[in-house]
Amino acid sequence: MPVVPPPAKVLVTGANGYIAMWVVRLLLEQGYTVRGTVRTADKGKYAAEYFAKLGFGPDKLELVVVSDIAKEGAFDEAVKDVDAIEHTASPFVPDIVDPQGYIKPAVQGTVGILQSALKHGPNVKRIVITSSCGSTSIKEVNEKGLDAMNMSKYRASKTLAEKAAWDLYEKNKANIGWELVVINPPFVFGAWYDAVVADSPKTQDFLYTTNSWVDVRDTAMGHVSAIQKQNAAGERIIVCGGAYSWQEWLDAANSIQPYPLPNHPPQKGLPGLSTSYLITYDTAKEQRILGIKYKTKEETTLATLEDFAVRGW
């Protein structure tokens, strides 16, 4: 029996976000009712229209505006009468200069929703937080300040937000009725047009570049499974589809027949290029607890290209 079975009500923060939209979709498809938070009414309108086209109206999806997740008590009303929380909201805006532009809302938003659940969420049984496999030295960001790379600032914010969540959870463990789970994805893939399809030169260094990845739909499945599986309680769980080089994505795109974008053929690169992976992750815990069947590079590539085709690209 799932810890939080459908038709329970689940709160999803940042419901119009990249990962969150898939979390909402999977929850709705599995029979849950969803309350989603958005920063503005316009963002809520977009999400409502998207899910209405899939057959999910306001009786299944309620959208509420939380304009500033860092504000004290921001989630007090949103957590009422929900059975689980999927906290995905965290800022990643390329033109933020001050590291606190990332860190403050990430930390205060995460701590804030846990505090709101403590005070106003008596029905909450499980809270799932989106963190990241990416981490950085907090000292590095402190030393470089405004000159730190934006990705480093973002990673620092995710690290500090997760640390703050676990600290609050451990301090209040004896007095709360819910359990905490953290989902840690690496590079979340969905659209990679510029790297694979766009007609721009690719150097050999780029083709050799490696990292680890996960399909956005599998990341979302990790979130949904985390409110269902009893053994997920109190765990940090890496969800990762495997390692990659960019050449492998080019190879995957070139292997698809028929190709969905005939007017925009993929780059060729150096087919069959041999690569040594610099970053790999052990997903044994995830397989033991959640058991996700990960998308392959070919499946993710096909879905991405088909989505481009539908949009008329």
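1. R25 and E29 sit 4 residues apart in helix α1 (residues 18-29), so about one helical turn separates them. Helices here are DSSP runs of H or I with at least four residues, strands are E runs of at least two, and both are numbered from the N terminus. R25 and E29 form a salt bridge, with the closest N and O atoms 3.0 Å apart. The term salt bridge means a side-chain nitrogen of Lys or Arg within 4 Å of a carboxyl oxygen of Asp or Glu. R25 is partly exposed at 21% relative accessibility. E29 is partly exposed too, at 47%. Buried stands for under 20% relative accessible area, exposed for over 50%, and partly exposed for values in between (1.4 Å probe, protein chains only).

2. A note on the model. This is a predicted model: local features need pLDDT of at least 70, side-chain atom pairs count only at pLDDT 80 or more, and totals for chains, interfaces and linings use all residues. Residues are numbered from 1 along each chain as its sequence is written, and side-chain values use heavy atoms, with hydrogens and water left out.

3. R236 pairs with E162 in a salt bridge, the closest N and O atoms being 2.3 Å apart. This pair links distant parts of the chain: R236 is in strand β9 (residues 236-238) and E162 in helix α5 (residues 150-172), 74 residues apart. R236 is partly exposed, at 43% relative accessibility. E162 is buried, at 7%.

4. K295 and D218 also meet through their side chains in a salt bridge (3.2 Å, N to O). K295 lies in the loop between α10 and α11 (297-310), D218 in helix α8 (residues 216-226), so the pair ties together parts 77 residues apart in sequence. D218 is buried, with a relative accessible area of 2%, while K295 is partly exposed at 24%.

5. Salt bridges with shared partners join K9, R35, E62 and D81 into one network. The count of salt bridges comes to 16.

6. D81 deserves a look at its backbone. D81 is not a glycine, yet its phi is positive, about 60°. Most residues other than glycine have a negative phi, and most peptide bonds are trans. D81 is placed in the loop between β3 (61-65) and β4 (84-87). Its relative accessible area is 42%, so D81 is partly exposed.

7. Cis peptide bonds come next. The bond from P6 to P7 is cis, with omega near 10°. P7 is in the segment before β1 (9-13). Another cis bond joins Q257 and P258, with omega about -5°. P258 lies in the loop between α9 (246-255) and α10 (284-289).
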